[in-house]
Amino acid sequence: MSGSLFLQAVVSGLLLGGVYGLVASGLTLIFGVLRIINFAHGAVMMLGMYATYWLWMLVGLDPYLSVLVTAPVFFGVGVAIQRIVIEPNRDAAEHNQLLLTLGLALFLENLALVLWQGDFRTLRVPYASASFFIADTLVEVPRLIAAGGAVVIAVALYAFLRGTVLGKAIRALAEEREGAMLVGIDVGRIRAVAFGIGSACVAVAGALITPFFYIAPDVGESFNIMAFVVVVLGGMGNFLGALVGGLIVGLAESLGAAFLPGSLKQFVVFLIFVLVLLFRPEGLFGGARGR
Amino acid sequence: MAVRALAVLAGLALLAVPPFLPKYFLEVLISILFFAYLGLAWNLLGGYAGQFSFGHAAFFGIGAYTSTLLLLRAGLSPWLGMLAGGLLATGFGLFEGYLSFRYGLRGPYFSLVTLAFAEMLRVVTVNLKVVGASLGLVVPSQTNALLFVFADKLPYYYVIAVMTAVALAITHRVARSRLGYCLVAVRENEDAAEAAGVDARGAKLRAMAISAFLTALGGTFYAQYFAYIDPTITFGPAISIGGLLPAIVGGAGTVLGPVLGSFVLTPISEITRAMLRGRAGADIMLYGLVLILVISFLPQGLMGWLRARRAS
């Protein structure tokens with residue numbers, strides 16, 4: 001295999017992996033606090049992408065600036081989803097909660113299909129094809145910004161969870177629900193905040209990739225499955241694990257794309273997924289409880 | 001007793017009325033029974049054993065592809081091909097189940113692993129030229145009853161009706177057998193069941209085998225009825241959801257639940273599709289909403305609701 005091809009695949013894999021990391025951070029936060037595998041995570045990402053698209057088309061707002069709008073809006077969307085759909089079923093059986101988010105995903109995805117049809121839309125920004133070379137490896141600027149932005153946000157979120165009272169309350173709840181209640185943490189509020197932050201994360205991830213990714217009602221599905229892989233890889237509820245897992249999955253996918261025919265790269269990702277689920281369900285880094 | 005009499009009457013009506021139905025209604029009825037059948041098959045593993053598979057499309061696709069490839073490449077009748085598909089799917093189900101249960105995957109982890117297996121098969125099929133890749137396979141449509149190809153819809157209706165009746169009978173038998181009680185014990189509390197001497201893994205594997213076999217036969221029916229299959233239709237998540245949904249809505253872990261669920265859900269989707277022509281997605285959107293509402297307000301499904309009403 002050629003060295004430059006390999007290097008190119010590594011670079012695009014890491015850039016893609018950064019975005020996966022942010023998507024998965026949101027998912028893992030929701031899982032850590034609510035103990036729910038959120039099947040609607042990708043659908044929220046899709047809505048974030050459409051929001052970015054319409055802000056650009058109707059108001060001319062740059063996709064990167066639009067993050068300032070989408071982040072708070074989708075925090076609200078997340079809080080609303082958790083208050084209206086999830087919270088009333090807090091004590092339902094685990095599989096029923098799974099189905100609840102599956103129903104939500106079906107609903108949101110097909111709502112988008114009804115509203116905006118299935119055509120692929122692209123957001124044409126002037127800097128879409130900006131790129132530069134390091135040695136002979138091509139780096140596309142929008143992808144670099146998306147990955148960089150995703151990592152910065154994820155790290156900021158990590159600092160927030162570590163350093164603030166609210167963040168500590170979230171972690172306390174992830175660690176031990178009854179203990180958190182005993183010390184006076186408002187469990188309902190924290191669960192809503194966690195779902196809101198998780199949704200804002202994934203919507204922002206969606207916004208960051210719009211300059212180079214198509215937009216369609218089912219665009220979130222593949223990201224959702226990829227985020228499951230990442231979250232399991234990093235350990236369910238393990239925040240830094242999600243970031244590292246994102247990079248690993250991004251690398252695996254892009255190396256698979258470079259050296260396997262057709263779309264078999266996805267096969268590699270699923271294979272990793274199944275192997276990790278079977279042999280290390282607690283994740284590569286162990287300790288699944290909301291670190 | 002009244003319920004049993006009602007069920008017999010409904011069964012007789014389902015046998016006698018269809019020849020007099022207009023084509024559209026016959027198609028809807030076929031669709032209802034098709035999803036009832038998939039729901040019954042899913043229910044054995046998902047409902048009785050409580051193992052929520054999100055990847056039954058794997059078995060469906062294996063069934064559809066095996067019988068169709070045997071027909072196209074070897075001239076084997078799908079009537080026999082469907083048994084081959086069923087056995088292959090059973091083998092795959094046992095492999096998948098053995099790995100999952102051996103490594104103690106429970107709840108959502110099991111759901112995710114089944115989803116991943118189905119997606120893997122989809123990706124492989126999309127990339128394999130010998131099985132038609134993403135273009136799919138066209139089933140020869142020259143009428144020949146011996147090759148499972150009929151001139152009009154009515155024979156297909158009776159085929160799926162018999163399949164549904166058989167699946168119902170199997171469910172009825174299993175529910176009242178030792179296996180059925182073991183499955184319910186495992187579903188309610190696996191550790192307690194094992195402590196009481198239930199071979200949990202063996203029971204789950206048996207449920208998996210029957211469920212996979214039946215689902216694969218549904219795949220062959222689909223291939224013959226629509227005369228076309230492709231990787232996304234047969235291995236995609238839509239089929240997995242199509243089997244799970246009627247069972248959940250009707251009442252998972254009950255004999256009649258999936259049938260009831262399909263009789264409620266399928267017409268809803270057909271009506272929305274007919275009413276909102278050109279608005280793709282409206283019917284699935286409604287499915288999502290129904291799923292949310294059912295989980296929120298009827299967590300035991302329609303059967304659970306009926307039972308609670310009768311009890312009070």
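Predicted model: local features only at pLDDT ≥ 70, side-chain atom pairs only at ≥ 80, totals over all residues.
**Reading helices, fold and interface**

Reader: What span should H1(B) have at 1.5 Å a residue?

Author: The expected span is 1.5 Å times one less than the number of residues. For helix H1 of chain B, residues 2-16, that gives 21 Å; the end C-alpha atoms are 21 Å apart, which agrees.

Reader: Which residues of H11(A) are buried?

Author: Among them are A:Phe267, A:Phe270, A:Ile272 and A:Leu277. The buried residues of H11(A) pack against helices H9 and H10 of chain A, together with helix H5 of chain B.

Reader: How many residues of chain B are in contact with chain A?

Author: Contact takes C-beta atoms within 7 Å. By that test, 33 residues of chain B meet 37 residues of chain A. On the chain B side, H5 and H13 each give two or more residues. H5(B) supplies the largest share, 14 residues. That side divides into 25 nonpolar, 6 polar and 2 charged residues.

Reader: How many helices and strands does chain A have?

Author: Chain A has 11 helices and 2 strands. Its radius of gyration is 19 Å, close to the 19 Å of the globule rule for 291 residues, so chain A is as compact as a globular protein of that length. Of its residues, 55% count as buried.

Conventions. Residues numbered from 1 in each chain as written. Chains lettered and ligands numbered in written order. Buried ≥ 20, exposed ≤ 12 C-beta atoms within 10 Å, placed from the backbone. Helix = DSSP H or I, 4+ residues; strand = E, 2+ residues; numbered from the N terminus. Contact = placed C-beta atoms within 7 Å. Nonpolar A, V, L, I, M, F, W, Y, C, P; charged D, E, K, R; others polar. Rg over C-alpha atoms; globule rule 2.2 N^0.38 Å.
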